[in-house]
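Trainee: I would like to learn how to read a structure like this one. Please take me through a few features.

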Amino acid sequence: MLLNASGCLDALSAPEVARSLDGYVTKTITPEPREGNPPVRIAETRAGMLNSIGLANPGRERFLAQTLPRLRDLELPIWVSVGGFSVGEYAETCAALDGEDGIAAIELNLSCPNVDEAPEGAIEIVAACREATDLPLYAKLSPATWNMAEHARAVEFAGADGLSLVNTLRGLALDRNLRPTLGTGGGGYSGPALKPVALAAVYACANAVELPIVGMGGVRTGLDALELIAAGASSVALGTLLFTEPEAPARIRVELAAEAAARNLAHPLAARRMALGSSPESVVRIGNEFRK
Ligand SMILES: Cc1cc2nc3c(=O)[nH]c(=O)nc-3n(C[C@H](O)[C@H](O)[C@H](O)COP(=O)(O)O)c2cc1C
């Protein structure tokens with residue numbers, strides 16, 4: 001299953017791009033509308049992109065009243081990305097989405113600024129959201145930790161149905177005058193440089209839990225997607241790539257099928273968990289190497 005990464009595609013302005021995917025993931029929605037951060041919000045770097053959008057979004061009420069009905073017209077499974085600044089804010093939005101038609105899953109953006117990213121914080125958020133909705137809950141985790149496996153186990157324990165891996169890493173770019181390029185100083189780093197980071201996160205979490213995983217981070221080719229599947233992902237999401245190549249989904253599908261066929265695999269998903277090897281014990285040992 002091919003998805004977009006949250007915040008990297010506006011399905012209402014580019015419906016044909018959304019329809020080339022198997023599901024559409026919304027930009028993160030917060031209870032109140034957010035203007036987002038002051039400009040400059042995007043900076044190019046040699047191996048990726050920095051953004052400090054600051055979760056600009058119309059807020060929960062307008063999303064439900066205006067955006068969601070128009071998204072339904074796309075007739076695609078809709079994944080709603082939910083953010084917040086407290087456990088209660090996440091849970092309230094999940095409760096509000098619970099009775100709505102057309103929502104395939106909720107992706108909890110657990111990498112929001114000002115929200116505790118420790119496993120305990122994530123546990124509380126996921127557990128409260130679990131109480132608030134029967135919709136499938138995917139926990140989107142930050143890769144900025146050596147304890148990916150611990151985080152994965154924590155959110156599984158709290159009731160998550162799946163994982164989305166990974167969000168951006170914090171980065172900084174300086175302009176000609178050696179001042180931060182982005183209005184906020186640092187920002188989220190995405191794009192090609194994130195691929196090995198995403199692969200390591202998916203690999204570590206697939207070793208730790210049985211949950212389905214949406215793999216993302218720096219995917220540019222079908223081989224990138226196949227590698228994420230081999231590390232344990234069951235779906236792949238395209239992010240930064242969509243800004244420069246909106247027609248990438250069709251290319252990635254063709255390449256993915258060709259890369260699988262070149263390895264005598266009947267289907268790309270036949271590669272799932274191939275990187276993990278056959279001996280569970282050695283897999284766990286290798287997984288633990290990530291902690292060092
Ligand atoms: C401009 C931009 C906006 C983003 N907005 C969100 C967001 O609202 N919520 C979220 O969970 N992730 C957001 N992300 C992170 C992406 O969903 C994805 O996790 C990350 O970019 C890694 O994938 P990529 O390297 O393929 O872009 C954003 C990324 C970019 C580049």
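Mentor: Start with contact: two residues are in contact if their C-beta atoms, placed from the backbone, lie within 7 Å. Helices (H or I, at least four residues) and strands (E, at least two) are DSSP runs, numbered from the N terminus. Residues are numbered from 1 along each chain as its sequence is written. This is a predicted model: local features need pLDDT of at least 70, side-chain atom pairs count only at pLDDT 80 or more, and totals for chains, interfaces and linings use all residues.

Trainee: Which residues of helix 6 meet helix 7?

Mentor: Lys195, Ala198, Leu199 and Val202 in helix 6 meet Asp224, Glu227 and Leu228 in helix 7.

Trainee: At what angle do helix 6 and helix 7 pack?

Mentor: Two packed helices are described by the angle between their axes and the distance between the axes. Axes are lines fitted to C-alpha atoms, for helices over the stretch in contact, and angles run from 0 to 180 degrees between N-to-C directions. Helix 6 (residues 195–208) and helix 7 (residues 222–230) pack at about 25 degrees, with axes 8 Å apart. Helix 6 and helix 7 are therefore roughly parallel to each other (angles under 35 degrees count as roughly parallel, over 145 as roughly antiparallel, 65 to 115 as roughly perpendicular and the rest as oblique).

Trainee: What is the strand order in the open sheet of 4 strands?

Mentor: Strands of a sheet pair through backbone hydrogen bonds, either parallel or antiparallel. Two strands pair if DSSP finds at least two bridges between them. Here the order is 3-4-10-9, with antiparallel pairing. Strand 3 (42–45) and strand 9 (169–171) stand at the edges, each with a single partner strand, so one side of each lacks a neighbour in the sheet. Strand 4 (residues 48–51) and strand 10 (residues 187–190) pair over 3 bridges.
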